[in-house]
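Colleague: I'm new to reading protein models. Could you walk me through this one, a feature at a time?

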Amino acid sequence: MDFIADFNNNSAVDVISFVKEVVEKFPKLRASIVDRLVSTLSEVRAGKVYRGVLWVVGEYSLEEKDIREAWKKIRASLGEIPILASEQRLLDEVPEDTLAKEQINGHAKSSAPKVLADGTYATESALTSQSAAAARLQAVKAAQKPPLRQLILDGDYYLATVLSSTLTKLVMRHSEVSEESARTNALRAEAMLIMISIIRVGQSPFVAAPIDEDSVDRIMTCVRSLAEFSERKELETTFLEDTRKAFRAMVQVEDKKRAAKEAVEKAKSAVQVDDAIPIRQFTKKSALEGAEEIELDLAKATGGDSTVETVSSKLSRVVQLTGFSDAVYAEAYVTVHQFDIVLDVLLVNQTLETLQNLSVEFATLGDLKVVERPSTHNLGPRDFLNVQATVKVSSTDTGVIFGNIVYDGASSTETHVVILNDIHADIMDYIQPAHCTETQFRTMWTEFEWENKVNINSKAKTLREFLKQLMESTNMACLTPEGSLTGDCQFLSANLYARSVFGEDALANLSIEKEGEDGPITGFVRIRSRSQGLALSLGSLKGLKASTA
């Protein structure tokens, strides 16, 4: 937990998330962990980390001494209250002479002697009241403040709502474990003062941004709960028991997902007891089985697909490049490796003449680059030839391969050209389903600026069926837990995630609804990525367009 106060926000957030799981799974460690977290309250500078620490402290401070110690540290990190009154007093205490050296409208005040109408000298000093007030306010904002107070004044009102919830839990639990009603009432009054003080300062000019209505509603809910929990015991149940049950259920779901993933990985490498152990050095090279194993190993080493393709799948990769009536018929068998596209081109001379200096020229559009060009050949009458070309792929942006066949005619100055059909790079060969945490998904969703919104109007029978079609057509994995998708409802929302072989992330948010029993499914899919090409390519997939028809 030494990394909680680290300035690297991502590592500190990961640490506090791990601590929350540990504190729930191991009850014997709760007391020591809570003490350690309370002692670090004055060192934390990140709002996300502070929210996690406050949640753990409010949820697992079970003893009276733990509650009072946590209250002291929170008060110390919050500073003097009411916040608005103390900030206003600091503003009033800023001396006027410290502002005399400030610049006004970008120009420093001139203190050079001035000549008046009667010939005497005088000094001129101009300082408007508005600029002086703004300078004094900036001086108060720039003053050193405790960490929790500084975060709230910087506009982190989500942290303010978590603080209000934590104070409410501490007061309610103190009323259960302590018989000092006067002490409980004092803590209750102080908690209410802190919450109202946050709302008031959020509506003042001392904050970076005004407080939002949702945060005000949440804080006022905590205030009303503190005022009424003595008469309404269900409020204590909601704050002290239901929140922990919800977190426990979430931890159990994550454990099940982790266990299922481990089981799948284990099943992939599982070997039966009586299975033979193949050793290549002991196999005969002429044996068919040994040759197949060598081909599979080479395919894995070169990044290709190790699965055995059927005849139909092989034929689907054949692209016709010229027409049957052309002098040279050409078709290409497209093989996609991890970062390369290999074109195995079959050339057939359909004439009764020898075609001299025949060459196939390829060019690319997009993030594709031809790295290996076919050499020049002579092709006899009715003869055929196989040539290969290799294209390097550097991103998942839509790419096009085009070209032509050039050969000499009867005379040396005559050249014949046959235009080839375009070959489009399939983005699905580079997109793979992936998984990430909810926090990582939200962070990337906020950071990625390219978005492609695709409207949905499908005739699928059910919402789950459409989700399955979308996952198959885009090759994305669903991050929304299965428990959240269960039930019969006319509305469905889910998050999907995929990752390309080039390390590019693709996010998708599906929001659809079904109009009646036999009505169409309408809604939209929002696709976000760091690059524009990936977002547009995923939105224009044939499978997605077909599912929206």
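Modeller: Let's start in a loop: P82 is found between α4 (64-78) and α5 (83-93).

Colleague: What joins I81 and P82?

Modeller: A cis peptide bond, with omega at about -5 degrees. Before we go on, some ground rules. This is a predicted model, where local features need pLDDT of at least 70 and side-chain atom pairs count only at pLDDT 80 or more, while totals for chains, interfaces and linings use all residues. Residues are numbered from 1 along each chain as its sequence is written, and side-chain values use heavy atoms, with hydrogens and water left out.

Colleague: Got it. How many helices and strands does the protein chain have?

Modeller: There are 18 helices and 18 strands.

Colleague: And what share of the residues counts as buried?

Modeller: The idea is to ask how much of a residue a probe can reach: buried means under 20% relative accessible area, exposed over 50%, and partly exposed in between (1.4 Å probe, protein chains only). Here, 40% of the 549 residues of the protein chain count as buried. For the surface as a whole, areas come from the Shrake-Rupley method with a 1.4 Å probe, and for residues only the protein chains shown count as cover. The protein chain exposes about 31,700 Å², with carbon and sulfur atoms supplying 53% of that.

Colleague: Let me try single residues. Is K145 buried or exposed?

Modeller: K145 counts as buried, because its relative accessibility is 11%. Look for K145 in the loop between α6 (129-141) and α7 (147-153). K145 and E80 are 65 residues apart in sequence, yet their C-alpha atoms are 10.0 Å apart in space.

Colleague: How do I read contacts over the whole chain?

Modeller: A contact means heavy atoms within 4.5 Å. Take the contacts in the protein chain with a separation of 6 or more: residues 24 or more positions apart account for 65% of them. Leaving out residues up to four places away in sequence, N386 touches D344, V345 and L346. N386 counts as partly exposed, because its relative accessibility is 46%.

Colleague: Now the backbone. Which residues other than glycine have a positive phi?

Modeller: One of them is N357, with phi near 50 degrees. N357 is in strand β6 (residues 355-365), and at 42% relative accessibility it counts as partly exposed. Another is R382, with phi of about 55 degrees. R382 is in the loop between β8 (377-379) and β9 (384-393), and it counts as exposed at 55% relative accessibility.

Colleague: Next, helix pairs. At what angle do α9 and α10 pack?

Modeller: First, how it works: axes are lines fitted to C-alpha atoms, for helices over the stretch in contact, and angles run from 0 to 180 degrees between N-to-C directions. Angles under 35 degrees count as roughly parallel, over 145 as roughly antiparallel, 65 to 115 as roughly perpendicular and the rest as oblique. Helix α9 (residues 181-202) and helix α10 (residues 213-228) pack at about 160 degrees, with axes 10 Å apart, so they are roughly antiparallel. Among the residues that meet are M192 and I196 in α9 and V223 and L226 in α10. That contact has 13 nonpolar residues, no polar ones and one charged. In this sorting, Ala, Val, Leu, Ile, Met, Phe, Trp, Tyr, Cys and Pro count as nonpolar, Asp, Glu, Lys and Arg as charged, and the others, Gly among them, as polar.

Colleague: How are α8 and α10 arranged?

Modeller: Helix α8 (residues 157-177) packs against α10 at about 10 degrees, with axes 9 Å apart, so the two are roughly parallel. Residues meeting there include Y157 and T168 in α8 and S215 and R218 in α10. By class, this contact has seven nonpolar, six polar and one charged residues.

Colleague: And what about α3 and α11?

Modeller: The axes of helix α3 (residues 47-60) and helix α11 (residues 233-268) come within 10 Å and cross at roughly 125 degrees, which makes α3 oblique to α11. W55, E59 and Y60 in α3 meet F239, L240, T243, R244 and F247 in α11. Those residues divide into five nonpolar, one polar and two charged.

How values were computed:
Helices (H or I, at least four residues) and strands (E, at least two) are DSSP runs, numbered from the N terminus.
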